[in-house]
Amino acid sequence: MTPPSAGSRWSDLDRPPLNVTALRRGLLRPGSLWTSLDVVARTGSTNTDLVGAAGSKAEGAVLVAEEQSSGRGRLDRTWSAPARSGLFFSVLLRPGAGVPVERWGWLPLLAGVATASALSRAAGVDTALKWPNDLLVTVEEEERKAGGILAERTGDAVVVGIGLNVSLRADELPVPTAGSLALAGAQVLDRDPLLRAVLRSLEEWYGLWRDAAGDPAQSRLQEAYAAGCATLGRNVRAELPGGGELVGEAVAVDGDGRLVLATADGVQRPVGAGDIVHVRPVAGGGGGAGGRSGGGADGPSAPSEE
């Protein structure tokens, strides 16, 4: 048997392509949220592509890329990984008139809850949420970012993109604070069942949220997010849009999906947007990893960034 060439779709036998036929058979059933599913070998960004096609797509369209060359995260950060090393996909949602627009901001948090709970069941790996939209796993006793979520509104629709490192190896990490399911000791690395699990979980949570008119309390989304959020109970620094920062203990996620910080002056301040940095106490205050993709132990000492 002739070995596959370097450019072959089977050149990395540990990373087979997704089985689009099986995925469609398992997900595109009558009554399902999911109405179409396409897998492309390579694209710049599934979010960009699906936003551009939203006008001609029904709710429930799913676009998956085996590789993204210009994947984007929050604050226009790039997201890149070797071909077939992760799950990179976007979904098209239309909450409709039954869900007030001001509650649409819960969709990226909903996607985080759905993804984390699906990975716990399907991969046997504990996945925590870093507000507002990072997915964290534990690698060598450190919290590492293994995934992220980006939601973009387009007309009456919202495109939610999810990027997740699955089989990424240590020598392939883009930054030392990155992680993957493989490095976290996941029991399952087959991307087909992982993608099915995430989409089914997303369908379930979206249905509960929409049936409750987007009410995060009634749908229990707010409770579930708080239970899985690694940011709560931590000292954090919020780097605010336009400059400035706010430091305090993250004590709650409010009904609008904002992170509530208890500051040193005794005031609770909600943060609706910004870059959240988990910080740790200075020497003598505790151990743990800090930084934008992890968190450290709490303590009374003045915080310092890892």
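Predicted model: local features only at pLDDT ≥ 70, side-chain atom pairs only at ≥ 80, totals over all residues.
As background, nonpolar side chains tend to be buried together in soluble globular proteins.

So what does the chain look like as a whole? Here are the overall numbers.

| Property of the protein chain | Value |
|---|---|
| Helices and strands | five helices and 16 strands |
| Buried residues | 49% of the 306 residues |
| Contacts (separation of 6 or more) between residues 24 or more positions apart | 61% |
| Accessible surface | about 13500 Å² |
| Part of that surface on carbon and sulfur atoms | 50% |

Back to α3, which covers residues 107-123. Is this helix enclosed or open? With 13 of its 17 residues buried, α3 is largely enclosed by the rest of the structure. Its geometry checks out as well: at 1.5 Å a residue the helix should span 24 Å, and the end C-alpha atoms sit 23 Å apart, which agrees. Just after α3 comes Gly-124, with a positive phi of about 65°.

Ser-167 sits in the loop between β9 (157-165) and α4 (191-211). Is Ser-167 buried or exposed? Its relative accessible area is 14%, and because that is under the 20% cut-off, Ser-167 counts as buried. The Ser-167 side chain makes a polar contact with the side chain of Arg-15, at 2.8 Å. Arg-15 is also on the list of residues that Ser-167 touches, along with Arg-84, Ser-85, Glu-172 and Ala-182, again not counting residues up to four places away in sequence.

Last stop: α4, the helix where Glu-204 is found. Glu-204 has 47% relative accessibility, so it counts as partly exposed. How far apart in space are Glu-204 and Ala-114? They're 90 residues apart in sequence, but C-alpha to C-alpha the distance is 8.1 Å.

Technical notes:
Residues numbered from 1 in each chain as written. Heavy atoms only, no water. Helix = DSSP H or I, 4+ residues; strand = E, 2+ residues; numbered from the N terminus. Buried < 20%, exposed > 50% of the residue type's maximum accessible area, 1.4 Å probe, protein only. Contact = heavy atoms within 4.5 Å. Areas by Shrake-Rupley, 256 points an atom, 1.4 Å probe, with all protein chains shown as cover. Polar contact = N/O pair within 3.5 Å; in protein donor to acceptor, adjacent residues only side chain to side chain. Expected span 1.5 Å × (residues − 1).
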